[in-house]
Amino acid sequence: RVFTQSFFIKRTPYYIPMLVYSIFVLISYVMSDYKEFALWGWNDRFEGTVTLLAYMVMLFFIMNTINNEKNIKWIVYPAAVSSLLLSLLGLSQALGHDFFQTTFGKKLITSSQFWDQLDSLTFTFTHREIYQTVYNINYVSFYLTLLIPLFGLLFIHSVVRGKEEPLWKKILWGVLFGLNMYNLIGSKSSGGFLGMAVVVLVALILLNKTIIKWWRPLAILLVITVLVGGVTYERWVPELTGAARSVLGINNSKTQEVPGKPDSTDTAQTESTSKGHIDYLETKGNKIMMSYNGNPITFTTYPENPLAVKLTDKDGKALDIAPLEGTNFYTIADDRYHSFAIGPAQDTAGINYFIIKVDGSEWDFAMLRGQDIQYRNTLGKFVPLKKVESFGWEKNQGFGSGRGYIWSRTLPMMKSTALIGHGADTYCIYFPNDDYIGKYNANWDNINLIVDKPHNMYMGAWIGTGGISVLALLALWIIYILQSIKVFWKRNLNSFTEYTGVGIFLGICGFLVSALVDDSTVSVMPMFYGLLGTGIAINIMLQRQNTEHKAH
């Protein structure tokens, strides 16, 4: 574009928030204690400084490259082709014939040096989940929130044009809409449903009376949606009811859904309704300090005499213990701690342990000579325990498939990054992954699970690149939203460009709301910034047309 002298930089206020965001991404990298991660991103995420700046370059280029309807089609049509291919992949997965689990599919995603071991390749999703190519079902619905409104508007445009538009185009946009709806519902992610609900609401407000004129194509889209919803009934009903229960903190049975990850691999854990609450569990010197159902208790150990232990309550009163028949464990002679069992142990390396069993869960503490007593996790690592700061969701840690717990630990982290972040994609380093008690109380089936993302795009950016960078992004998106409302409010839509502009705007609105429960990811964000750049370019084109029309 530059060398052919066909690149012209448009005058627009968008550059200011883009520049501020880019500057704070760079500052956060320079100030980061983990520069390699901050530069290239965390393992399996790869959204470091380079990637985030690439998004801005991409946005800048598209904004200044799209100048007419032909340019817009060069964005929309390839997006339609890729969406068609991805949707067919998702369909194959939903029907139990996952293309990637065929021999050819396995070879496409595996280095040739391992082709002799294809039969040992394991897949995360084996229950007909739709993951397409983005390795996480949340991200399927996340990016489809962008595309479904666009294809819906282009279908309406084709129908409204009547005989001027060939039948095959009407069918193509209708099929694309239907396939994408099937994939969104089939991915079983509530974030996508939330985004689409916002799309419908914004469309009703923005388009108001125009919707009445579109009753025929809208009726067809509604029929397609109802048919898809009927076919996928067994997928979306449990997802929505489960999401509603987790939001309201309702548990109707003894079996509670627990996040192995608050993504797609949720598993069920049977939880006793009589399980108590461990308020805290921390180690200091040779003491283990604990509170159970509001009743503090201190265990004083003696490394030089592993069989000795002293138990005291919050008033310093000594507590007696009694042998537990048939075992080398002891019970505590106090009704407040009736579910406890304590005892000594030794491993093959000769390390002495003090064991605390509570409600069937075992907590092993290593008594290392010359060191403070430490918790031994199930991975064999010795970890000092401390109280972890939290805020919110005390009564509903399972909110949003475990997001309540994650957000309650993330909010206190945000105080230290109000200006400058820790570095792009360094969230995992700073999250208190040693908060075993928090995960236990939140009923996670694996308290050693590493949390590498907050399941909230805004929180992730706040920790990584700082609060000012998030404000810059919000300014960028708000400018676009306000500009779009100004351009399309009470506008009679006629051209392909106008319908595309409205479709993109609705998709962006849905996406930004879905981002409250989903993360930024390299699987999705190029599509987001590509369409955002296109939407901005369309708005600038239409504003220029309005100005020229008024001048004449």
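Helix H10 gives the most residues to the lining of the second largest pocket, eight in number. The model is predicted, and the pocket has a volume of about 760 Å³. The points below cover this pocket, the nonpolar cores and the aromatic pairs.

**Second largest pocket**
- Its lining has 28 residues, and those closest to the centre are Phe 177, Met 196, Val 200, Leu 222 and Thr 225.
- At least two lining residues come from each of H6, helix H7 (167-186), helix H8 (190-207), helix H10 (215-231) and helix H11 (233-248).
- The lining holds 24 nonpolar residues, four polar and no charged.

**Nonpolar cores**
- The largest nonpolar core has 92 residues, of which Leu 59, Trp 477, Phe 511, Phe 528, Tyr 529 and Leu 532 touch the most other members.
- Helix H6 (residues 137-161) supplies the largest share of this core, 16 residues.
- Another core, of 27 residues, lies apart from it and includes Phe 299, Val 358, Leu 385 and Tyr 436.
- Leaving aside neighbours within four places in sequence, the contacts of Phe 511 include Phe 142, Leu 146, Met 457 and Phe 528.

**Aromatic rings**
- The count of aromatic pairs comes to 30.
- Phe 99 and Phe 100 are an edge-to-face pair, because their ring planes stand at 65°, over the cut-off of 60 degrees; their centres are 5.5 Å apart.
- Phe 99 is partly exposed, at 28% relative accessible area, whereas Phe 100 is buried, at 11%.
- Trp 477 and Phe 528 also pair edge-to-face, with centres 5.9 Å apart and planes at 85°.
- Trp 477 lies in helix H16 (residues 467-488) and Phe 528 in helix H18 (residues 525-551), so this pair ties together parts 51 residues apart in sequence.

Conventions: Residues are numbered from 1 along each chain as its sequence is written. This is a predicted model: local features need pLDDT of at least 70, side-chain atom pairs count only at pLDDT 80 or more; totals for chains, interfaces and linings use all residues. Side-chain values use heavy atoms; hydrogens and water are left out. A nonpolar core is a set of buried Ala, Val, Leu, Ile, Met, Phe, Trp, Tyr and Cys residues joined through side-chain atoms within 4.5 Å. Buried means under 20% relative accessible area, exposed over 50%, partly exposed in between (1.4 Å probe, protein chains only). Helices (H or I, at least four residues) and strands (E, at least two) are DSSP runs, numbered from the N terminus. Contact means heavy atoms within 4.5 Å. On a 1 Å grid over the protein atoms alone, a cavity is a set of points where a 1.4 Å probe fits but cannot get out, and a pocket is an open set with protein on both sides within 12 Å along at least five of seven lines; lining residues have an atom within 4 Å of a point. Grid points are joined across faces, edges and corners, and a volume is the space filled by probe spheres set on the points. Ala, Val, Leu, Ile, Met, Phe, Trp, Tyr, Cys and Pro count as nonpolar, Asp, Glu, Lys and Arg as charged, and the others, Gly among them, as polar. Rings of Phe, Tyr and Trp (its six-membered ring) pair if their centres lie within 6.5 Å; planes under 30 degrees apart count as stacked, over 60 as edge-to-face and the rest as tilted.
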